[in-house]
Amino acid sequence: MSNAPGAGPPPSASAGTAGAILDLVRNGHATTRGDLAAITGLARSTVAQRIDALLASRLLVPAGDSASTGGRPPAMLAFNRDAGVVLAGDLGASHSRVAVTDLAGTVLAQHRRDIAIAEGPEVVLSWLEHAFDELLQEVDRGPAEVRGVGVGLPGPVEFATGRPVNPPIMPGWNLYPVGARLAQRFGVPALVDNDVNIMAVGEHWANWRDQSFLMFVKIGTGIGSGFVADGHVHRGADGAAGDIGHIHVPDHDDVVCRCGNVGCLEAIAGGNAMASRLRGLGFETRTSLDVVDRVLAGQLEAVRLVRQAGHAIGGVLAACVNMLNPAVIVIGGDVAQAGEPLLAGIREVVYRRSLPLATGRLRIAGSELGDEAGITGAAVMALETILAPAAIDAALTGAARSA
């Protein structure tokens, strides 16, 4: 993930490579050749050589003149966000969203479709590839302009290989080479991660880049979380970090979870669990969004149920706060649309049960991106890989050899 503008030069600046120079311009640390020479300590001739390579690749473009303190004003440089596009996909349990973005992560076009992940990889990925092709045509960009692909899946993912691992709601997907298939299909790097991880990346990149540690909690049909620490996703040893939906909640051993255990947070406070309880009270609620609709309509049983779910989630998050000390917890997913009844229940328990030192500056907020968090995070995941200094240096070296 990128450094926030103004946060100080990234460590790669000391390398002074073309990739590091692009990184300095892209993140707002430098806009002129003089700035780059001063930050990197390189001779102006060396800086000029590397800038020329970036200009030739269209990753940098001239951006007019800056204010002069005497003599000829220095020419400014800018990152060319139009030098290519990224394909982003957020595949969910029952519906998915795909988009094409520029190299700054701005969505150029997107499409949403109800498609069950349980239909299997051949059906879902064939649709995804076709949807990407249609979006490229819609924005009048060719396949050669695609620089990377980022996709989120609703289950555990082995990030290094881009393969889902024993995903509970994805029959037929176990160890399927999603990343390799997309990389071969589009001829570019393809990154695949768990959907909650990419949502965490999206929220951090869009709204919280000044915070070093963010925890994102998705409350929908199930419950999961993702962590961004010092600009990097924390995935754990096997990619299973953040699965808080299956943490045991005391005094609920009469509730059986779909994982086979009893008393899991998801089985108590997940959207499906709440919808089922409301059905038991005689209300027509099939999904987590039906529960939200009841809350927003002021239906008292639904409001009370969501508040109680907030208490259960807050109890688990209090333990996470004591252990991990996040600066901000962002609450997202379908159930987060219930708003204050949920957030109030979470905050009440987190601040009561967590250590004062860990909550002194802690912020608990609702997602600002909403349904866009996954697409944003998928695009950023790809962008931070393909635009990393080492990746840019390798690409420029390859281009020079083939010229």
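## The open sheet and its helices

In this predicted model, five strands form an open sheet of mixed pairing, arranged in the order 12-11-10-13-14. Its edges are strand 12 (232–233) and strand 14 (363–366), each of which pairs on one side only. Within this sheet, strand 10 (residues 213–219) runs parallel to strand 13 (residues 328–332), the two being joined over five bridges, and Lys218 has Gly332 of strand 13 as its bridge partner.

Helix 10 (residues 300–324) packs on the sheet, where it touches strand 10, strand 11 (223–229) and strand 13, and its direction makes about 160° with that of strand 10. Helix 11 (residues 340–353) lies across strand 10, strand 13 and strand 14, and runs at about 165° to strand 14.

## Strand 3 and its partners

Strands of a sheet pair through backbone hydrogen bonds, in either the parallel or the antiparallel sense. Strand 3 pairs with strand 4 (residues 95–102) in the antiparallel sense over seven bridges, and these two strands form a hairpin with three residues between them; Leu91 has Ser96 of strand 4 as its bridge partner. With strand 6 (residues 146–153), by contrast, strand 3 pairs in the parallel sense over six bridges, and here the bridge partner of Val85 is Val146.

How many of the residues of strand 3 are buried? Seven of the seven are, so the strand is largely enclosed by the rest of the structure. In a regular strand the side chains alternate between the two faces of the sheet. In strand 3, Val85, Leu87, Gly89 and Leu91 point one way while Val86, Ala88 and Asp90 point the other way, and residues of both groups are buried.

Beyond the residues up to four places away in sequence, Asn80 touches Arg58, Leu59, Leu60, Val61 and Leu103.

Leu59, one of those contacts, is itself placed in a loop, the one between helix 3 (44–56) and strand 1 (60–65). Its relative accessibility of 3% means that Leu59 counts as buried. Apart from neighbours within four places in sequence, the contacts of Leu59 include Leu22, Phe79, Asn80, Leu103, Arg147, Leu387 and Ile392. The C-alpha atoms of Leu59 and Leu387 are separated by 9.7 Å, although the two residues are 328 apart along the chain.

## Aromatic pairs

The structure holds three aromatic pairs, and two of them are set out below.

| Pair | Centre to centre | Angle between planes | Geometry |
|---|---|---|---|
| Trp173 and Tyr176 | 6.4 Å | 65° | edge-to-face |
| Phe213 and Phe227 | 6.3 Å | 65° | edge-to-face |

Phe213 lies in strand 10 and Phe227 in strand 11, so their pair ties together parts that are 14 residues apart in sequence. Phe213 and Phe227 are both buried, and Trp173 and Tyr176 are buried as well.

Most residues other than glycine have a negative phi. Asn325 lies in the loop between helix 10 and strand 13 and is partly exposed, with a relative accessible area of 44%.

## The chain as a whole

The chain has 14 helices and 14 strands. For 403 residues, a compact globule would have a radius of gyration near 22 Å, and the 23 Å of this chain agrees with that. Along the principal axes, the C-alpha atoms fill a box of roughly 75 × 50 × 40 Å.

Buried residues make up 50% of the 403 residues, while the chain exposes about 17800 Å², of which carbon and sulfur atoms supply 52%. Of the contacts between residues at least 6 apart in sequence, 59% join residues at least 24 apart.

Notes: Residues are numbered from 1 along each chain as its sequence is written. This is a predicted model: local features need pLDDT of at least 70, side-chain atom pairs count only at pLDDT 80 or more; totals for chains, interfaces and linings use all residues. Side-chain values use heavy atoms; hydrogens and water are left out. Contact means heavy atoms within 4.5 Å. Two strands pair if DSSP finds at least two bridges between them. Helices (H or I, at least four residues) and strands (E, at least two) are DSSP runs, numbered from the N terminus. Axes are lines fitted to C-alpha atoms, for helices over the stretch in contact, and angles run from 0 to 180 degrees between N-to-C directions. The radius of gyration is taken over C-alpha atoms; the globule rule is 2.2 Å times the number of residues to the power 0.38. Buried means under 20% relative accessible area, exposed over 50%, partly exposed in between (1.4 Å probe, protein chains only). Accessible areas come from the Shrake-Rupley method with a 1.4 Å probe; for residues, only the protein chains shown count as cover. Rings of Phe, Tyr and Trp (its six-membered ring) pair if their centres lie within 6.5 Å; planes under 30 degrees apart count as stacked, over 60 as edge-to-face and the rest as tilted.
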